[in-house]
Each structure stands twice: as C-alpha cells, then as structure tokens.
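Please keep the sequence and the structure at hand while reading.

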Amino acid sequence: MSGFDYDLIVIGAGSGGVRAARVAASHGAKVAIAEEFRVGGTCVIRGCVPKKLYVLASRFKDEFEDAKGFGWHVGETSFDWPTLVAAKEKEITRLSGLYEQTLGNAKVELIRARATIAGPNAVHFSDGRTARARYILIATGGAPVLAPHIPGLEWGLSSNEIFDLPTFPQRLLIVGGGYIAVEFASVFARLGADVYLAYRADLPLRGFDEDLRKRVAEALTSAGVAHHAGALPTRIDKCAKGYAVSMSDGETREVDAVLVATGRRPLTQHLGLERAGVATRENGAIIVDAQSRTNVPSIYAVGDVTDRINLTPVAIREGHAFADTVFGDLPTTVNYDNVASAVFTTPEVGAVGLTEAAAQEKYAALDIYETSFRPMRATLSGRAERIYMKLIVEAEGQRVVGAHIFGPEAGEMAQLLAIPLNMGATKRDFDATMAVHPTAAEELVTMRAPARRIRREG
C-alpha cells in the first residue's frame, strides 16, 4: 500500500457503501468510509424502513374495521402521530447503530465528516485532513427534487421532512405520481388526513403496467384520496390556516402541508468530481461501466448516484460486486433483468419483468393470463376489495416474461416470482407447480387459459 493511507475510501455510508466497505475489508483491504449524516443512508433513515413502518401503522385502520366481520368488537380507536414518530425514530436509531456495529466488526474505519474528491486517489474531509487511497468508491445516493419551480415552492416539504412533522397534517396536498407520492397518499389517508394527489399524467405510477396503474388510482379514490390528474400547483401562498395552493386546473386548495414528491436526483453536487475529471450525465449521475468504474480508473460509483435502477437492493448488489471484483479477484457484474419491485400502497403492488406494453414492443406474439378475485378475508369483512394478477407469456417459447400483482402481500409474491423468471421459467413450469390452498398466490399456478392473445401483424 506504498504511498496510500487506505486501499479503499468509500464516500457515503448508505446500504451500497456499507456493503462495499464490509466486503472489501473481508477480502483483506484497509477500508475507510466517510459519512456526514447518520449511518444507514436514505433507506434506513428517511426511506424504505420508516416508510414501511408508517404503511404498517396506516393499515390498522382497515384491521379495526374488518375485525367486526370476524366476531371481534373493537372499541373506539384513535391515532397519535407523535407516538408513531417517536417509535419510528427509536427503530431507525437502532438500525443505524447496527450498521455502525457491522462496520466496526469488519474493521472498517468510520470517518464522521463530509468527504470530497481531491484527485484521482485523494479524498478531503471536512475535519481538515486529506487521505490517499488506491481506490475511491462514491456511494452518496440521491436527494429529493422540488419541482415545478413555482412561487412559494419553499413552503413545500420533501420526503425527507414528511416523516418528522411536529403535528399531523389534517389536510395534505401531495404533488407527484410516482411510488413515493402514492405510498404517502395511501398512508396519510388511512391515518386520517384529507389527501389531495396532483400529478401531470392521467394515471399515477408511470412505468408500471397499465392495469396496475388503473387499480392503484381506484384504490386511492376508495381510501378517500382526491385526484388532480393532469393538474399541478402554480403557486403556494402562506395563509392564516396553512397554505393556499393554486392549481393549474383553476382550483385552489387550502392545506396544512404540501409534500412535493416529483422525483430524485443523484447527489453529486459539490463532491469535487471535476477535480478528478469524473464524467457525469446532464442530471449529475456518474457514468460507469458494467463493473461500476468511472472514466477515472481508480474511482468507482454504485447506487442511486449512478441513476441505473434506483432501489436499495440494487445498490447493495452493486456494492458487493464492486468489492468482489476489485479486492476479491472475483470478477462480478450485476444482472439488471427481472428486478422485482413493490409499491406499498394499500393494497400493494408487486411487479417483476416486462409490462404488457414493453412486452408488445419486444415480442411478436404474447399470451396474457389474468385473474381478479375477492381475497378470502373480504368475504367476511365485507370490504369491496379485489386481488388482480397478470402473467405475460411470450407465446412462441411460452416463457413467462412479466408478472404483475395488485393485492395484499403483492411485494412478497413479486420477490419469489423473480426467481423463476430469472431462471427462464415457462407457463408450463407454472402449470406443473402444485398450488398451496387456500392462498392468494395459488392463483399464479392455476390460470389455465389466456385471457387474451396478442399477435403483431407482419
């Protein structure tokens, strides 16, 4: 390690950076990781984990209502926002501590400072020192973008702040149609807020299968969410009882808070990339090859900062592959096919593989299998809820190329479906699999006849 203080310096102690640091150290590298905030990154501190805790909290509303149909008599219920916020904070503090413990056990040095690139092999820390490393890994993640740029936008909240509001917003406007927007709309509506959801398109969740998008919109409406499809705020003004939001459709909404969930950007500003000559895209994303290496041979990047697939498990896999490749003599690339995803609305979305629209562009012939049915729970609760499932099958070889689910535990099912899809499973393989009864998932292996066949002319 002549001339170097470390074999590897990781900038950013989120999921991807922590995994890379730990695995690199297990291969014998001397590793330091720099973090200016809390260890754990977006997912643990202000993303997936607290979001899922709030989702679970919101679902008790349905649980209390459904219990009556099963013979339970639940008394008067009430929700206390500060209790949830405090419980969430306790749990993410515990998880952040476990991440720190994992780094310590792996003999990774944690540097609590802001780090910037000082050269191809040099990193400067906000505590005043500079260190040299054979390799530098950038894993700084992403940050919310507040848009569109309108008068009063400074009153808007991002997904970073929404978790820790001092008081519960009884009237909430959410701007955006992506998974963050619809998840928080579902959560706050169930927790008791009047929620208004404004987005540019005609349906939320652009990029997901059209049949799922329609069902999510319908479910949000059933939960009490008011949609402003095709409309966005044009101005936000502070008023006596909160905020007056002027909408492009001519309406004005008075609300207690405005959550702006219109997207995220790679967190590369003021990182010093230009000093090392690291190439970026127009949106600031770091350009990398299949091994996560930048145009500077000693500098790599993983996770949302590269703007490939912005999901925590992807960042973790990229960090692990980087460490194995560079320090473990185990050349590894990440397979981005059939990455499962979930949207934790209520009911939730689970998806893996191609949407129907994308499959039609790729294949000349498709068989579409789909089913819709009441979950067993709804037969006694009386809830007007239906599960929807779709399998997209490439007709010539009968390979299943897409699976889309809307209903309870859809995310769990999507995770398991990713395995057979990655293995190239056919519809015959699904048909040959014995069902587990009574379950919702059994419908995935009992759909016998296509709902429709799609054949491209010419």
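Helices and strands are named here from DSSP runs, a helix being a run of H or I of at least four residues and a strand a run of E of at least two, with numbering from the N terminus. In those terms T116 belongs to strand β4, which covers residues 115-119. The model is a predicted one, and the chain as a whole holds 12 helices and 22 strands. The radius of gyration is 24 Å, close to the 23 Å given by the globule rule for 458 residues, so the chain is as compact as a globular protein of that length.

**Overall build**

- Along the principal axes, the C-alpha trace of the protein chain spans about 70 × 65 × 50 Å.
- Of the 458 residues in the protein chain, 50% count as buried, and the chain exposes about 21300 Å², of which carbon and sulfur atoms supply 52%.
- When contacts between residues at least 6 apart in sequence are considered, 63% of them join residues at least 24 apart.
- The protein chain carries 51 positive and 54 negative side chains, and the centres of these two sets lie 2 Å apart.

**The largest nonpolar core**

- In soluble globular proteins, nonpolar side chains tend to be buried together.
- In this model the largest nonpolar core has 41 residues, and those with the most contacts inside it are W81, I162, I174, F184, F188, V195 and L197.
- The elements that each supply at least two residues of this core include the helices α3 (48-67), α4 (81-105), α5 (179-191) and α6 (210-222), together with the strands β8 (171-175), β9 (194-199), β14 (257-260) and β18 (348-353).
- The largest share of the core, 9 residues, comes from α5.
- F188, one of the residues with the most contacts inside the core, touches W81, I162, F168, P169, L172, A193 and V195 when residues up to four places away in sequence are not counted.

**A buried strand residue**

- T116 has a relative accessible area of 13%, and because buried means under 20%, T116 counts as buried.
- Apart from residues up to four places away in sequence, T116 touches A122, V123 and H124, and also H270, L271 and R275.

**Backbone geometry in loops**

- The peptide bond from T346 to P347 is cis, with omega near -5 degrees, and P347 lies in the loop between β17 (341-343) and β18.
- A cis peptide bond also joins H437 and P438, where omega is about -5 degrees; P438 is placed in the loop between α12 (427-431) and β22 (452-455).
- D307, in the loop between β16 (299-301) and α8 (312-327), has a phi near 55 degrees, a positive value in a residue other than glycine, and at 32% relative accessibility D307 counts as partly exposed.
- E409, found in the loop between β21 (399-407) and α11 (410-422), has a phi near 60 degrees, again a positive value in a residue other than glycine, and its relative accessibility of 47% makes E409 partly exposed.

- K52 sits in helix α3 and, at 28% relative accessibility, counts as partly exposed; K52 and T345 are 293 residues apart in sequence, with their C-alpha atoms 9.9 Å apart in space.
- N422 is found in helix α11 and counts as partly exposed at 42% relative accessibility.
- Leaving aside neighbours within four places in sequence, N422 is in contact with N335, D337 and N338, while N422 and V339, which are 83 residues apart in sequence, are 9.0 Å apart from C-alpha to C-alpha.
- R308 is placed in the loop between β16 and α8 and counts as partly exposed at 26% relative accessibility.
- Beyond neighbours within four places in sequence, R308 is in contact with V288, D289, S292, A301, V302, G303, E318 and Y336.
- R308 and V436 are 128 residues apart in sequence, and their C-alpha atoms are 37 Å apart in space.

Terms used: Residues are numbered from 1 along each chain as its sequence is written. This is a predicted model: local features need pLDDT of at least 70, side-chain atom pairs count only at pLDDT 80 or more; totals for chains, interfaces and linings use all residues. Side-chain values use heavy atoms; hydrogens and water are left out. The radius of gyration is taken over C-alpha atoms; the globule rule is 2.2 Å times the number of residues to the power 0.38. Buried means under 20% relative accessible area, exposed over 50%, partly exposed in between (1.4 Å probe, protein chains only). Contact means heavy atoms within 4.5 Å. Accessible areas come from the Shrake-Rupley method with a 1.4 Å probe; for residues, only the protein chains shown count as cover. Lys and Arg count as positive and Asp and Glu as negative; His and the chain ends are not counted. The place of a charge is taken as NZ of Lys, CZ of Arg, CG of Asp or CD of Glu. A nonpolar core is a set of buried Ala, Val, Leu, Ile, Met, Phe, Trp, Tyr and Cys residues joined through side-chain atoms within 4.5 Å.
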